[in-house]
Amino acid sequence: MDAFTRAWRVLEQHHQDTRHILLRDRFACEPDRFDRMHERLNGMLFDYSKNRLGEDTLQLLCNLADAAGLGRRMHDLRTGAKVNGSEGRAALHTALRLPDGADAVYVDGRDVLPEIRRELDRALDFARGLDDGSYKGATGRRITDFVHIGIGGSDLGPAMCVQALEPFGRQISVHFVSNADPACLDEALCRLNPETTVFCVASKSFKTPETLLNAQAVKAWYRDAGFSESETGCHFCAVSADTEAAAAFGIAPERVFAMYEWVGGRYSVWSPVGLPVMVAVGGACFRELLAGAYAMDRHFFSTPPRHNIPVLMALIAVWYNNFQHADGQTAVPYSHNLRLLPAWLSQLDMESLGKSRTSDGSPVACKTGGIVFGGEGVDCQHAYFQLLHQGTRLIPCDFIVPMTVQGKEDERSRFVVANAFAQAEALMKGKTLDEARAELAGLPETERERLVPHKEFPGNRPSNSILIDRLSPYNLGMLMAAYEHKTFVQGVIWNINPFDQWGVEYGKQLAKTIGGELQHGASAHDSSTEGLMAFYRECRLKNDGAA
């Protein structure tokens, strides 16, 4: 039996030995529990004391990470080794946020830091030109709106950051178009003036179907407005690894910014993919975002596992996924500006970890990934929190809470923070039958006993609380990098590649085939798919006839 299997089996037995211990009892017996089970980094506090574990559990989980070779894999990630084995690539998103003066980082024998800095400076210069009005549209008018056309990792990260940092916004209004449904682009175009708008096409290959369909629709919009091809080109820029394809589309090379082969889409907001963030909040704020992520990188790569925030986040997730049979987790930001964070986390986690094969292609021997969902607190307390409190499923929760708001503090902001703290405490403590009876003491006995079972809360529901002193670019960078590293560590434990997404590619291939067949009528599919396609043609025929 190898060291990893032994460590795994010890944890299985440990779960059986400790499953009866309640969180409320742990807190009663351990007055220093919070002191021992929280970490601080600059403006962030990570409290993991409300989890079903003790110091012995944490040590066993750290042993598991060590047996999985986490230290070596972290070194490989940081130094440019090809950790994305199925595609033969490095995964160097951490290099994108290295400060000036950092040691060289090599990919295939070439130091990539000069290119990273050059492309970042080019993108920031372009954003500055839009902001100060020195870059103008074809008719000489100042640009007022910037539309980012991307999808998946080229959309969710930038969109989340722009929304989160809205209080730091500058002059240009930034919009996002991702869905190929015409309503998505049409909704944006109806509010825009072609003379004062710049569109950014973000696609590594410059072949992403959804993105190119929307980009072509924008070109048609400009033609309908009377713009020539060259005039239209003035209103486009691109982020891509294929400058020739962007040029063929009509985008001049000076407005094409690099998207690197060794950075996956969902890890790419730190690159020129973050151009909409640069436009929205300016270069200084974007550099603060990078600085916050770099601070978390330094912590991750230099801190022992027992006090390493992303490693602890990952090991706790593994503890619930593999040993306590949780099917996923929820993330709840108590911040209106962070309301897109759960969607970004869903993609980061589920696209990275939704794998049934190990890195060498063999079937996995354990459960991987999980269902990650969430909503904005306090709203989601009135939606799915009933399931968290009294349902039959174990769903660990991350509470993400800024301590102060941008602008004036009032009773509403205190109310939001109070609710976050109260929900975490209620999930942990629960409410016993005796406590419910005492609460209903004023009712007649028959009515009291009728209601008591409904007022009982099992408790023992785990959560992490991730607090930041305020929602700033720096703190947002730290938060995002922490979740990125958490995802990587889980991939190491499960021996899967968190940097590819072949399942996404398969669906794209089938869609390309079916798209042509919907138009021309030929098909060779299962009876269900052919029936769906026939109904589509029937509806289109009716609509075309009505038109």
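Me: Which residues lie nearest the centre of the largest cavity?
Reply: A317, G328, Q329, P396 and K486 lie nearest the centre, out of 21 residues that line the largest cavity. The model is predicted: local features need pLDDT of at least 70 and side-chain atom pairs pLDDT 80 or more, while totals for chains, interfaces and linings use all residues. Residues are numbered from 1 along each chain as its sequence is written, and side-chain values use heavy atoms, with hydrogens and water left out.

Me: What makes a space a cavity, and what makes a residue part of its lining?
Reply: On a 1 Å grid over the protein atoms alone, a cavity is a set of points where a 1.4 Å probe fits but cannot get out, and a lining residue has an atom within 4 Å of a point. By this rule there are four cavities of 30 Å³ or more. The largest cavity holds about 210 Å³ of space, a volume being the space filled by probe spheres set on grid points joined across faces, edges and corners.

Me: Which helix gives the most to the lining of the largest cavity?
Reply: α14 does, with five residues. Helices are DSSP runs of H or I with at least four residues, strands runs of E with at least two, numbered from the N terminus.

Me: Which residues line the second largest cavity?
Reply: The lining consists of Q329, L345, D349, V372, Y483, K486 and T487. α20 gives the most to this lining, with three residues.

Me: Why is the pair of R306 and E55 called a salt bridge?
Reply: A salt bridge needs a side-chain nitrogen of Lys or Arg within 4 Å of a carboxyl oxygen of Asp or Glu. The closest N and O atoms of R306 and E55 are 2.7 Å apart, so the pair counts as a salt bridge. R306 lies in the loop between α13 and α14 and E55 in helix α4, so the pair ties together parts that are 251 residues apart in sequence.

Me: Why is R306 called buried?
Reply: Buried means under 20% relative accessible area, exposed over 50%, and partly exposed in between, with a 1.4 Å probe and protein chains only. R306 has 16%, so R306 is buried. E55 has 32%, so E55 counts as partly exposed.

Terms used:
On a 1 Å grid over the protein atoms alone, a cavity is a set of points where a 1.4 Å probe fits but cannot get out, and a pocket is an open set with protein on both sides within 12 Å along at least five of seven lines; lining residues have an atom within 4 Å of a point.
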